[in-house]
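Colleague: I'm new to this one and would like to learn how to read its helix packing. Could you put it up and walk me through it?

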Amino acid sequence: MLVVLLGGARSGKSALASVLARDEAAPVTFIATAVANDAEFARRIDAHRALRPAGWLTIEEPLELNGALQRTDRARTVIVDCLTLWVANLLERGLDEERIVGSAASFAHEAERRLGLVIAVSNEVGSGIVPSHPLSRHFRDVLGRVNAVVSLAAGEAYLVVAGRMLALGHPSTSRSGSCR
């Protein structure tokens, strides 16, 4: 089953993903998508690494998310942290929006087929102001589409705010599917 945790920066998404993974009876694989492009971000990555239990397997994969997931035993619990950085990495490599969204759909499909729980972490960046720079708007739009594709494929999705999870209903369970 695929579970998606969406929220703002420092909202507690990663900590909650770790709690969900620890609650599973299966061994855990952590797929990290971050790339240390500067010293400050390298320190953040090191701090994040230090919080993971010693028994967890870590795969550092900034680009080939589907490949990393496919190489992982299907019964293991998997945390993907995070889709936000994965999208940024793909955009930096020049991939277009449709290819990125297609890759996200493939990832979600693969995650839902697995025996073990897959927890995908991503930032919700569409709730703030409209960025003034075209590149920032493009990133926001692509990530929004990726989040929607992955969330709609997931068995469960949550909005994380201040360390709390708010369950997001699935469109198939909505009253009429229309806005009032």
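Colleague: How close do the axes of helix 5 and helix 6 come, and at what angle do they cross?

Modeller: Some ground rules: this is a predicted model, where local features need pLDDT of at least 70, side-chain atom pairs count only at pLDDT 80 or more, and totals for chains, interfaces and linings use all residues. Residues are numbered from 1 along each chain as its sequence is written, and side-chain values use heavy atoms, leaving out hydrogens and water.

Modeller: Two packed helices are described by the angle between their axes and the distance between the axes. Axes are lines fitted to C-alpha atoms, for helices over the stretch in contact, with angles from 0 to 180 degrees between N-to-C directions. Helices are DSSP runs of H or I, at least four residues, and strands are E runs of at least two, numbered from the N terminus. Here, the axes of helix 5 and helix 6 come within 9 Å and cross at roughly 25°.

Colleague: What does that angle make helix 5 and helix 6 to each other?

Modeller: Under 35 degrees counts as roughly parallel, over 145 as roughly antiparallel, 65 to 115 as roughly perpendicular, and the rest as oblique. Helix 5 and helix 6 are therefore roughly parallel.

Colleague: How many residues of helix 4 are buried?

Modeller: Buried means under 20% relative accessible area, exposed over 50%, and partly exposed in between, with a 1.4 Å probe and protein chains only. Seven of the 10 residues of helix 4 are buried, including Trp86 and Leu90. Helix 3, strand 4, helix 5, strand 5 and helix 6 are among what covers them.

Colleague: Which residues touch the most other members of the largest nonpolar core?

Modeller: A nonpolar core is a set of buried Ala, Val, Leu, Ile, Met, Phe, Trp, Tyr and Cys residues joined through side-chain atoms within 4.5 Å. In this 30-residue core, they are Leu2, Phe107, Val146 and Val150. Helix 5 gives the most to this core, with six residues.

Note on methods
Contact means heavy atoms within 4.5 Å.
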